[in-house]
Amino acid sequence: MKVFRWINIILILAFLSSCSSGGTGGISEIFPSLATPTPLPTAHVTIIPAPDAQAAVTAFLQALQKDDFETMYALLAQQSRDVLTLEDFSQRWNTALNEMSASSVEFAVNSSLITPYKAEVGYNVTYKTVLAGDLQRNIVMRLVIEQGAWKVIWDDTIIMPELAGGNVLKMEYSVPARGDIYDRDGLPVVSQADAFAFGIQTDQIDLEMQGALTSELGKLCGFDPEYIKDQIEASGPGNYLPMCEGTREEAQRLLAISPGGLVISDEYNSRYHFGTGLAPQSVGYTQLISPEQLNSYRRLGYNGSESVGQSGVEKWAEEYLAGQHGGILRVVGPNGQIVSTLGQSTAQPADSIYLTLDSNLQKYAQRSIEFFRGAVVVMEVDTGRILAIASAPDFDPNYFEANNPNAGGANLLTEGALLNRATQGQYPLGSVFKVITMSAALESGLWTKDSPYDCKYDFTRLNEVLHDWTWSHCQDRIAGGLFCDTSDSIPSGLLNLQEGLMRSCNPYFWEIGWDLYTNFDRGSDIANMARAFGLGAPTGIQQVEEAAGQITNPATTLDAVNQAIGQGDMQVTPLQVARFTAAIANGGTLYRPQIIEKIQPIDGDPKLVFRPEANGTLLLRSENLDILREAMQMVTQDPRGTARFNLRGLQFDVAGKTGTAESGNGKSHAWFAGYTLNAADTGLPDIAIAVIVENIGEGSEYAVPIFRAMVETYYYGSPQRIFYDFGPIGEPPYTPTPFGGGNGLP
């Protein structure tokens, strides 16, 4: 059988061989496609890499670090998004992180188990919490492939394994009482105290006692009695008008007078600002945590019901005044049972803040300017310590306390009252700026203290004629049927440079600005000197919000001329002016203004103690600084000095410079910046004072009297001269403009 099989194979091979011979016919005729071999196509291999599951987990956790819940949600599998909305997903994460007081999240991806369609990735996560310490967990995240990308299968245990089965996190808080704020002598400025709210029920007013009602509430609340009367009339009968808050003693005094219509609330406990607020814009106020602030404060360990600092020192010192919150973080089951405790901390008492402010000086600073718009800053010349900082209009910080029955009175805030004009108000400086122009002139070497100039009514270097302030006074007298024969209405005449400052001669300083720009190619000298005096940049006070102001190099001759007398596009703050005035007084050192004397814990040494910090130097040679200071004394002491009239009879030596700055909106701003020279005789540190009264008139008429009131209060405890042309210090002015009689100068 095998032999037969081999015979068949041999016959087949012989047949195939004969078919492939050179003769006609053969296999090529039977199968023509085999006549010429055709190569097979080259195989193309497509490699599709498997998605990186660890990268997907990393992206998810990186988004968590940023609280970017929307990106995290986009990384969820469709099956998870079908049963969980973005809002619900975000709320679960946010609630858990808030409850933990998680300040940050750290993670590391460790391992992965991957099949073609599913993956499990292990990672280590650490929640850095404020109240429960570091919470470290090893977690496995499950993923599935969707449209070629790994997507996360949601489970609450991705947050923390303990949250399986509907468990949640709950923090039990321990919140210390907020710290107090005191002045430099330990007198309370803000503390937790029992208080009373005062108001007026308009349909219960006894008309015979209405004068006593408005007068007494005016004194207590810092309101003009006429303003209260206007509010009563505008409100009509049957309405309640919130006024202010006070202590038990103040309530008892008002009850003893018993004017009809007075309403005194029941006693309530609150964060109480004494005296309706000492330096309210700088001390600041507290308010309940807003919805926009909630997440941030929950992550800091707050439970969300606290009042926190919203401005000023209250905001800057929040971490000291709030103390260290304590808490116990627990896992709680669906039925409210405690499953476990994850971590805890003990509350620590708050610190107290001592300010550099002198309460009495601050009170009179506020009183002196409360019926105007403007600011007063009083600073020690050798330290930068702020003794008083007032801004008007001001406000009662007690309005913002939730427990205060008058809390709705916040809608009575005068427009702009929250603005700290002392540190954030930005103004042209007017003729006070001439001390800087004079400094630039002296340092240029082109002027000396004896350089002469004939100060006339007009300056004619430009296409338009500019007038000195004496020309304006002359026009006022002519309009009143008078002759121009007073010292403030006739040209100042031939002056040297020091006398030019003393008389505040505009044409002299216009000439300096014009000359530097046009003849000597030194147009930026004055701007550079201003910047060296600390203008156009923050002072560095830190504890209070401040504006930088603006000093630019002049682009035209007109710019240079305007800048030389403190006009144009320049912007300065009263704090900056007080600071450089102090530097002139102390020999040239610019100190960082400070308002914190110390931060004192309940026990132990202070955490922070005031130390003077020099952060700049005036670019004035000592001989030129002496020339400048002599000229500033002439302003206050020479019979022709612009500040002399309203400083007559002052028993202390002072120096300074008046200023009247065009505001571009209504009347001019009134400025005065000066300092005392009495340390050797009084034993008290010398002080620098900057005063601005907005849209009121001339510096000599309005700002100089307030400066004088501050000097007298500093040395005597209260202003000694009360009445001026505009009326009594601390009372509503008689008229919008003075009756005259002063030198009325820029």
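In the predicted model, the loop between strand 10 (268-273) and helix 10 (280-283) contains Ala 279. Although Ala 279 is not a glycine, its phi is positive, at about 45°. Most residues other than glycine have a negative phi, and most peptide bonds are trans. With a relative accessibility of 1%, below the 20% limit, Ala 279 counts as buried. A positive phi, of about 70°, is also found at Gln 542, again not a glycine. Gln 542 is placed in the loop between helix 19 (525-532) and helix 20 (557-564). Its relative accessibility is 55%, so Gln 542 counts as exposed. A cis peptide bond leads from Ala 392 to Pro 393, with omega near 5°. Pro 393 belongs to the loop that connects strand 17 (386-392) with helix 15 (434-444).

Strand 3 (residues 134-146) and strand 4 (residues 149-152) run antiparallel and are joined by four bridges. Glu 146 lies opposite Ala 149 of strand 4. Two residues separate the strands in this hairpin, where Gln 147 adopts a positive phi near 50°.

Nonpolar side chains in soluble globular proteins tend to be buried together. The largest nonpolar core comprises 86 residues, and Phe 580 and Ile 584 have the most contacts inside it. Helix 21 (residues 574-586) contributes the largest share of this core, eight residues. Beyond its neighbours within four places in sequence, Ile 584 contacts Val 435, Phe 533, Leu 618, Leu 625, Leu 628, Arg 629, Met 632 and Tyr 675. Another core, of 43 residues, lies apart from the largest one and includes Leu 131, Leu 143, Ile 158 and Val 331.

The largest pocket holds about 1,400 Å³ of space. It is lined by 47 residues, of which Gly 218, Cys 221, Gly 222, Phe 223 and Glu 370 are the closest to its centre. At least two lining residues each come from strand 7 (188-201), helix 7 (210-221), helix 8 (225-235), strand 8 (240-246) and helix 14 (359-369). The greatest contribution to this lining, six residues, is made by helix 14.

Helix 24 (residues 699-716) consists of 18 residues and spans 24 Å between its first and last C-alpha, close to the 26 Å expected at 1.5 Å a residue. Of its 18 residues, 17 are buried, and helix 24 is thus mostly covered. Gly 717 follows helix 24 and has a positive phi, near 100°.

Note on methods:
Residues are numbered from 1 along each chain as its sequence is written. This is a predicted model: local features need pLDDT of at least 70, side-chain atom pairs count only at pLDDT 80 or more; totals for chains, interfaces and linings use all residues. Side-chain values use heavy atoms; hydrogens and water are left out. The expected span of a helix is 1.5 Å times one less than its number of residues. Buried means under 20% relative accessible area, exposed over 50%, partly exposed in between (1.4 Å probe, protein chains only). A nonpolar core is a set of buried Ala, Val, Leu, Ile, Met, Phe, Trp, Tyr and Cys residues joined through side-chain atoms within 4.5 Å. Contact means heavy atoms within 4.5 Å. Two strands pair if DSSP finds at least two bridges between them. On a 1 Å grid over the protein atoms alone, a cavity is a set of points where a 1.4 Å probe fits but cannot get out, and a pocket is an open set with protein on both sides within 12 Å along at least five of seven lines; lining residues have an atom within 4 Å of a point. Grid points are joined across faces, edges and corners, and a volume is the space filled by probe spheres set on the points.
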